[in-house]
Amino acid sequence: MTARKLLSVAAGVAVTLSGVACDNSGLTNINKNPNSPTVAPPGPVFTRAANLAVSEFLGSGYDQYYTSVVAQHLAEVQYPDVDAYRRLDPASTGTAFNAAYSAELEDLTQVVKAGRAQNNPFYWGPASIVRAWEFGYLTDSWGDIPYSQANQGDSSTAVLSPAYDAQKDIYTDLFKTLDTASKALAAANPGLTNLGTADIIYKGSAIKWQRFANSLRARYAMRVVNADRNLADAQLKAAFAAPGGVFTANADAAALVWPGDNTYNNPWGGDLARDDRRVSNRLIDPLIAMNDPRLAVYAQPTQADPTKYAGLQNGMLQSQLGAYVATTSRVGKALFTASTSYGNFGNAGIARPSYLMTFAELSFIQAEAAERGLGGLNAAQAKGFYEAGIRSSMAQWGITDQTAITAYLASTPVAYAGGTPGLVQIANQKWIALFGDGGQAWAEWRRTCQPTTVKPGPEAIQNTVPRRLLYPSTEYAVNASSLNAAVARQGADAFTTRVWWDVNSSSAPTYTAGCGTR
Amino acid sequence: MTRHLRRYVAAASVLLGALPAAAIAQQATTISGRVTSDAAAPLPGVSVSIPTLGAGAYTDDKGHYSFTVPSTRAAGQAVQLTARRIGYTAKTVTVTLSGAAITQDFSLGTSATQLTGVVVSALGATERPKSQLGAAVTQLSTEELNGSTHEQNIMQQVEGKVAGVRITSPGTQGGNVNIVIRGQNSLTGSNQPLFVVDGIPVSNASRGGSVGSGRDYGSTISDINPEDIESMTVLKGPNAAALYGSRASNGVIVLTTKKGKSSTGRIRTDFTSSLTFENPSRLWDFQNQYGQGSGGSFAFVNGAGAGDCDGCDQSFGPKLDGRLIHQFTDGTDTTVKSPWIAHPNNVRDFFNTGRTFSTTAAASGGTDRLNGRVSIGADDINGMIPNNRFTKFSTMLSGQFQVNDRLNTSATAQYVRNTGLNRPGVGYSNSILEQFFWFGRQVDLNALRNYQQTSLANSPNGNREFNWNYNFHSNPFWLQAENPVTDGRDRIIGSVSATYKLADGVNATLRSGSDIYRYNINTQSAYAGPGASLTYNGAMSITSDYFNENNTDLIINGNRSLGHGITVNATVGGNTRRNQSSTEAQSTSSLLVAGLYNISNSAIAPTVSQSISRRATNSVFGSAAFTLNDWWTVEGTARNDWSSTLPEGANSYFYPSVNTSVVLTDAIPSLKNSVLSFAKVRGSVAQVGNDASPYQLATTFSGVSAKFNGQPQYSLGDQLANAALKPEITRSIEYGTELGMWDSRVTLDATVYQNQTKNQILSATVSAASGFTSKSVNAGRIDNKGYEALLTLIPVRKNRLEWTTAVNFAHNHSTVAELAPGISQIQLGGGLFSDARTVAALGQPYGQIQVRGYMRDSATGAIMTSKGLPLGTTNYLPMGNLQAKWTGGWNNTLTYRGVTVGALVDVRHGGNIVSYTNSVGESSGQLASSLKGREIDWNNPGIVVHGTDRESCGAGSGVTATGMYRCVGGGTANSKNVNSEAYFQALFQNMEPYVYDASYVKLREVRVGFDLPSRWASRFNANAVNVALIGRNLGLWTKVPNIDPEFAYSNGNAQGIEYGVVPNARSVGFNLRVTP
């Protein structure tokens, strides 16, 4: 073969090969993702976001591992590390922070976007209300957090290092968001499609979403009362007067009902199954003292003595705890959603609802507002709200013995005393009713300093109960300048730094000297 | 895709059809002879050929060869006749083809290293003399691979043998082998080399566990039967590998399989068989003075918390002094008591002596035009842990058919069936050893063997486990027997190839090969105990992986003399690669009827998932090597890829390379003297591009298969896509020298290199508050530079005694030179409890280890204490790096008459490891080191931490930005006495005491072989029969307590963190090898 022939063969090969290579659209079409779409309908996205959000903040990590222990509803019996505040560290608690934004808040943002694009408040309304619910937990726990620039990674601005907003500004916007959502839902054309069964909280009921939005607004209004009493007063008034009003019965409460199908169970029990926790003596002692019917629901008798309930002291050493495993009370069967290899301590709770907000909580907010003359209410109304709070809490926990409840309401430490003692009663009953919602219980304790028994345990490595959580280490790594601006504004990233609303705590009528200090 | 293939086929048929048929020879010159070794032994399998005519043959088992050259092409010219075989120095003589028969014998000397052999190049389509290569290439012959000891994974047989190739054995039998050549180039992508078998890339996918959990299912390269491999060529970097495409940036392992050879019609058989026995090479040093319990007390009631610490799993209990205590073996009557004594071997006794039986038989043969080889191999391994078994069955068929003088065809097919039962778990949740870190030192292991005893506490019903603890743990025998995990892979690797001689020295090869497997993994969990819920009657999962990759190449290679002593070797070609893989999984956490492991028996909606990955690359490439007078070669290569995974219009990338080599002793013959026999220098510059993994260009929603009350769910992915990704680029430059001295009794092959990989496609962590946890970006650069050398000496060679000693040495220094803007580090691996991690930190070597450590006084460095216990930081502190300072191997072979003794020592110096085994083992009171501070009287504890009491610091004290403590006033020294249990538990999440220097020296291989007398061999119709005693992992010297610092828990980049690693198997046994 001559060199010329060779050349022509080579040229032929080259042409053929370039033909193959340059068929580029055919090639890049292979990269179309066969596993997942770039666009998804808002309903399924809302369903996912709603149950993720509830798991995150009323579930195992943020709630049961950390805030319910810090609030001393629970105590650790195996590894008392959070109890000693050793493990209440950013690497651990930061998981909830990061997951909240990247999972459910992002999905809720997508639903809000889609709903806005379709101009349909029945889509964006519920999504923005759940978003506002979740941001409350975040800012109450960390203080200043990314808010106005959050969840804009895929927007045209592509914000990958969002700024931190001051908590005061976040609260201002939460009030506005809830106001806007409530009004838009009230004004929307009822003929528009709603989320329907994809709405796993209210099945698309606009009026119930309005009541939740307004009740949540009341929660936030009361939260800021020490920092800005006038703002609290105005927002309470606005919440009570907003279209749809607030919760009027347990049936209005924002609850996510778990299928209990062993795939989607009430998350509370998942980690109870490790047998790492007991009910704190801070919670059990007053329940026993007051002969509270909820005792048998919140706790189980001890394994060593089935006639006896006993709480566990928070913040002990692991080497001291061996004997307490059998002699202190596990969490009640109603919450124990999983059975365990060491015994069946309940299975009733797998389909128990998770309450985003209860009617009882709202009633206690109303009771406090009434006693303090806020939100257009007056002191004479306080007792009614207080008793409604206790009764609805009892009902919510499945206690139906009205005689017992009535007797309880009339008994000495429970019967409403009015004035500052009444406010102490309201705060304590609210803290008890918030069992299962560690984030709220902790925030309310910080605001009211009730119960006064909540103090660092004997072996805790610091002398005061934490006032906030520490920022996640990932934020230091990838969003440092935004975070540093927040630290400069808010104070050191420390447990002792107080969030914006956690000021003038001594101005709270229920404040006691040495609050939270060992 | 089929369209492309059809075009290819069409183009090829045009090429082939257009060419004239081969001329038929009228008369022929027959060339024959015999090839022997220096020692006058016949050498089979030697290639004897006239390269310029493309004619030749292999020697048979008596060393004879014979072939004919047609008279039309043998018109009186003088040609070069070359005899060569891997492991021997090639020889070339000039013969004149006159028509008369020619007899030419050869005697070949062994070469200690292959300074002058041939290596496969141009994607396996052609061979080139090693002396002409401008980049480092290491070739291992079948003797070097298989002649020592037997491992199931061929890569384990390379450990310690190749400089600069870091091979990390799996901790577990059958587990992943991690291979890193010349340091990690990719921040977060794969750092594993490409595997090529007979020119066809094959999968080395792995399913590895992680430090948190999982089982190590091994890597798929272990399917290759080492006995089918003729040679392995290690191309260490982009310089040698540029033609192999983008996956070559981490180097290429080129495997050439054994082929049939001309045997004048006789069958050549070879046979090898080995039987070895395995034991754990290292177990921990346990304490045997205190039993289960806490605070010195323990009382068993139900093993689940009803008694004092009977649900606990630490051993800080009563002293094991023989006192009578009611125990788990004593039934429900708590008045029954047994002596409280140590069971020092209760962990060791869990392990069995493993047994590995491995056999391969092969038959080959053929004529000068047609030959073939068929082999069957079987491995049967009973693992060291109970009820753990692996089997592998492999067959391989290969054949070559010289259709005529111009057309040569070949095909290979391999079928492999690989199964595993209860592959050992790794990491925290699945490691079988996790059972023993939380254990009672008083537990009688033998009492647990009958895991189904029914008459005792907590075991009222059948098929429920009996255990020492019902709170956290399962009976390990129960786990192995009742919760089996089985896996099986069926794999076919096949290729067909046709080479057509276009002209003298010019060949076109069309080749297509596929690697296809399906891999199924089934897990079963039995109904475990009385606490299980009513619907829970066990759990199961089934996972099915499918993998299919096809590569089709057209390669034209020409070898021409241009006159003036210049020859050119040029290649032009193209490749299409099509890859599809998928995984489908179904699982349920709740079965309806116990014992029936079928997904239709699920009591709840099963969880299902499916993922598909498809990618394709089209490439054109070419190379040209010009050689002057056989001593100076300059070569250039170029390749362009079009990838499916990059944005349309920006998915093309080009990568060139240039290299040169000069054989100084040929260029300047006067250099040659009695000392220096061979000297070569080489240099190379190369660039390799790489594409992205699929589907990184658009952010998508993930579906959730499990419906929420019947409602479908979608969630936006956490990784922000990037529609503007660019290819990543690796640049490499290397220089090397190869020296032979004293008649090649001393050889040195040394290389210095520098690699730089930039524009890395990585998933950069972004603030989660953006709505995403990461974003695909082009960012980051890693620089690797280092040197490596292989020095081979033959200090003794006389009176049939020969001692060969080879030392290899490699040093690599990596630097993470750039990361994405605003990012100072990228996490590679994480510890168990957010207390240790490995990162690629800016400006640091790849793999910095960071742990949470002691909180210290920022002024004095004293450990801060609170209530007598050390305080830990909440932030991470840098504590070393996983990179070794250097690695090396020392290989010795001593032969005397028919006896061969070999020993291989493997060394790693420097680098660090974090050990959770030591951390958890101390906080659980298991390890002997946790005896520190324990006293008989718990009221008189024994540890006073040397540090500063935080409570004594003045107002204004606090944690500093770096996690240290500013102690105003200096504080006072801690004087509080704490007990051992509180002390070690306070170290939880403080990993500073558990970071170790990971240096080790290992006696990796020992082999003592005996050649049986040749008259015995002839009874097997064979040339040689060798029986050997073999041993692996026989000795370990390290400063790390309790564990083997060499381990891999995954095939990924997350190395350097250890938890509960199952110790390497120490194996000893026999090997029988019959060589035809």
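**View 1. Overall build of chain A.** Chain A contains 20 helices and six strands, and, like everything shown in these views, it belongs to a predicted model.

**View 1. Overall build of chain A.** Chain A contains 20 helices and six strands, and the model shown in these views is predicted.

**View 2. A cis peptide bond and a salt bridge in chain A.** The peptide bond leading from Gln450(A) to Pro451(A) is cis, its omega being near -5°, and Pro451(A) lies in the loop that runs between helix H18 (438-448) and helix H19 (473-478) of chain A. A salt bridge joins the side chains of Asp493(A) and Arg468(A), with an N to O distance of 2.7 Å. Because Arg468(A) lies in the loop between H18 and H19 of chain A, whereas Asp493(A) lies in the segment after helix H20 (480-490) of chain A, the pair ties together parts that are 25 residues apart in sequence. Over all chains, the count of salt bridges comes to 54.

**View 3. The interface between chain A and chain B.** The contact draws 97 residues from chain A and 106 residues from chain B, and the area buried between the two chains is about 8,200 Å², of which 58% comes from carbon and sulfur atoms. Phe701(B), Phe708(B) and Tyr714(B) together supply 9% of the area that chain B buries against chain A, more than any other three residues.

**View 4. Polar links across the interface.** One salt bridge is counted between chain B and chain A: Asp89(A) pairs with Arg852(B), and the closest N and O atoms are 3.1 Å apart. Between the two chains there are also 21 residue pairs in polar contact, counted where both residues have pLDDT 80 or more. Strand S29 (residues 607-628) of chain B contributes eight residues to the side of chain B that touches chain A, the most of any element. By class, that side of chain B comprises 49 nonpolar, 41 polar and 16 charged residues.

**View 5. The hairpin of S33(B) and S34(B).** Strand S33 (residues 701-708) and strand S34 (residues 711-716) of chain B run antiparallel and are joined by five bridges, with Gly703(B) standing opposite Tyr714(B) of S34(B). The two strands form a hairpin with two residues between them, and in the turn Asn709(B) has a positive phi of about 50°.

**View 6. An open sheet in chain B.** Three strands of chain B make up an open sheet with mixed pairing, in the order S46-S45-S51. Strand S46 (869-870) and strand S51 (947-949) are the edge strands, each pairing on one side only. Strand S45 (residues 863-866) runs antiparallel to S46(B), to which two bridges join it, and Thr865(B) has Pro870(B) as its bridge partner in S46(B).

**View 7. A positive phi at Asp198(B).** Although Asp198(B) is not a glycine, this residue has a positive phi of about 50°. Asp198(B) is placed in the loop between strand S14 (194-197) and strand S15 (200-202) of chain B.

Note on methods: Residues numbered from 1 in each chain as written. Chains lettered and ligands numbered in written order. Predicted model: local features only at pLDDT ≥ 70, side-chain atom pairs only at ≥ 80, totals over all residues. Heavy atoms only, no water. Contact = heavy atoms within 4.5 Å. Buried area = accessible area lost by both parts, 1.4 Å probe. Salt bridge = Lys/Arg side-chain N within 4 Å of Asp/Glu carboxyl O. Polar contact = N/O pair within 3.5 Å; in protein donor to acceptor, adjacent residues only side chain to side chain. Helix = DSSP H or I, 4+ residues; strand = E, 2+ residues; numbered from the N terminus. Nonpolar A, V, L, I, M, F, W, Y, C, P; charged D, E, K, R; others polar. Pairing = 2+ DSSP bridges.
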